[in-house]
Amino acid sequence: MGQRSYQEMVEEQKKGMPPVTTGDLTGKTVMITGANSGIGFEAAKHFATMNPTRLIVVCRSVEKAQDSIAKIEADTGYKGAEPMGLELSSFRSVSEFVTQVNKTLDRLDIIVENAAISTNYEYIATDDGWESMLQVNSLGPALHTLLLLPIISNTAKQHSVVPRIVVVSSETIFMANIDSDAIAAANTLQTLSSKDYCTPGIMRARYVHSKILNVMLVNKLAALLPQNIVPVALNPGFCVSGLRRKSRGEEAERFKKMEDDFAYTSEEGSRQIIYAAIGGKDEELRGKFTSYSQVLEISDWMLSEEGKKAEDKTWNEMLEIFGKLDERVPQIVAEYLKV
């Protein structure tokens, strides 16, 4: 596939977004993060129209989730939504969230890792000491997904279904790579996160780096999980989004022009979340990157020897980091992954 030019992306945007995939989710449990606004909120509304037995609406606070649910009920009439709070900038919040889930959920058919931030190229560290886009967009969702693997696996076995792990990435993965010096460093993730490494040029590509790591997570899960669980990454397209709300000056003007010229609405972008969650065939989507309701090959760099080295290295580093943060991780890896 190689790198895609900006003009190629614009031309594809202007072709229009395929219609939303529909289905019946009766009896199933769906969870979506970042469901208070944008494509996450619109995807939650789409899920609500398909009558899942439980729809877990996850936002940064329970109050935000409750507000979202009130809007979902008003728009769809669906009454099965439940609020949960999750702060992906805190590893402790992720662990506590899953502890609560294990007490309250008996199955999980679809998990959508949608929540993400953009800091407008500014370096901001979390309380855990990580660069915030790296933690919120990549590491937090990865830990969240790993800790949920037991309930996802048990759902597949007990109900003879094929759960999906849906990770929202971006077409921007074709626009940058992870630099070779970071890959060669003793610890790639810590290097990517360090303030000294995060020059203005690196920070301009940081959102892209975080979305590349999302795809790498899906690749690893597909390689290590049994066939009856389907991980898939997706591109929602360039949409009108609160992600760019911190943009200022010329940058804000550029994004405004892009939105006016060819951006999709949040509802249109959310259709790609729905496609990845319930569309296509399991065997065709498993471990793939989808865009415009079809499988799209990832970049040549991600498929290259260096890209695969980066994928292996960051995966192993994540497992080491997470194992120190939550004692459940090593056991989950041993029991549910073919490492």
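1. Helices (H or I, at least four residues) and strands (E, at least two) are DSSP runs, numbered from the N terminus.

2. Before we go on, a word on the source: this is a predicted model, in which local features need pLDDT of at least 70 and side-chain atom pairs count only at pLDDT 80 or more, whereas totals for chains, interfaces and linings use all residues. Residues are numbered from 1 along each chain as its sequence is written, and side-chain values use heavy atoms, with hydrogens and water left out.

3. How much space does the largest cavity have? Its volume is about 30 Å³, where a volume is the space filled by probe spheres set on the grid points, which are joined across faces, edges and corners. The lining has four nonpolar, three polar and two charged residues. In this scheme Ala, Val, Leu, Ile, Met, Phe, Trp, Tyr, Cys and Pro are nonpolar, Asp, Glu, Lys and Arg are charged, and the others, Gly among them, are polar.

4. Next, the second largest pocket, which holds about 210 Å³ of space. It is lined by 14 residues, and Lys28, Val162, Arg164, Ala277 and Ile278 are the closest to its centre. By class, the lining divides into seven nonpolar, two polar and five charged residues.

5. Now find glutamine 13 in helix α1 (residues 6-13). Is glutamine 13 buried or exposed? With a relative accessible area of 4%, glutamine 13 is buried; buried means under 20%, exposed over 50%, and partly exposed in between (1.4 Å probe, protein chains only). Its side chain reaches the backbone nitrogen of phenylalanine 238 at 2.5 Å. Leaving out residues up to four places away in sequence, glutamine 13 touches Gly237, Phe238, Phe262, Ala263, Tyr264 and Tyr292, contact being heavy atoms within 4.5 Å.

6. Alanine 65, in helix α3 (residues 62-76), is buried with a relative accessible area of 0%. Beyond its neighbours within four places in sequence, alanine 65 is in contact with Val57, Cys59, Pro83 and Met84. Threonine 191 belongs to helix α7 (residues 188-193) and is buried at 19%. With residues up to four places away set aside, threonine 191 touches Ala182, Ala185 and Tyr197.

7. Two backbone angles deserve a look. Most residues other than glycine have a negative phi. Asparagine 120, however, has a positive phi near 55°; this residue sits in the loop between β4 (110-113) and α5 and is partly exposed, with a relative accessible area of 21%. Serine 293 has a positive phi near 60° and is found in the loop between β7 (289-291) and β8 (294-295).

8. Finally, follow helix α14 (residues 305-325): its 21 residues reach 30 Å from first C-alpha to last, close to the 30 Å expected at 1.5 Å a residue. That expected span is 1.5 Å times one less than the number of residues. Among the buried residues of α14 are Gly307, Trp315, Met318 and Phe322.

Conventions
Polar contact = N/O pair within 3.5 Å; in protein donor to acceptor, adjacent residues only side chain to side chain. 1 Å grid on protein atoms, 1.4 Å probe; cavity = no way out; pocket = protein on both sides within 12 Å on 5 of 7 lines; lining within 4 Å.
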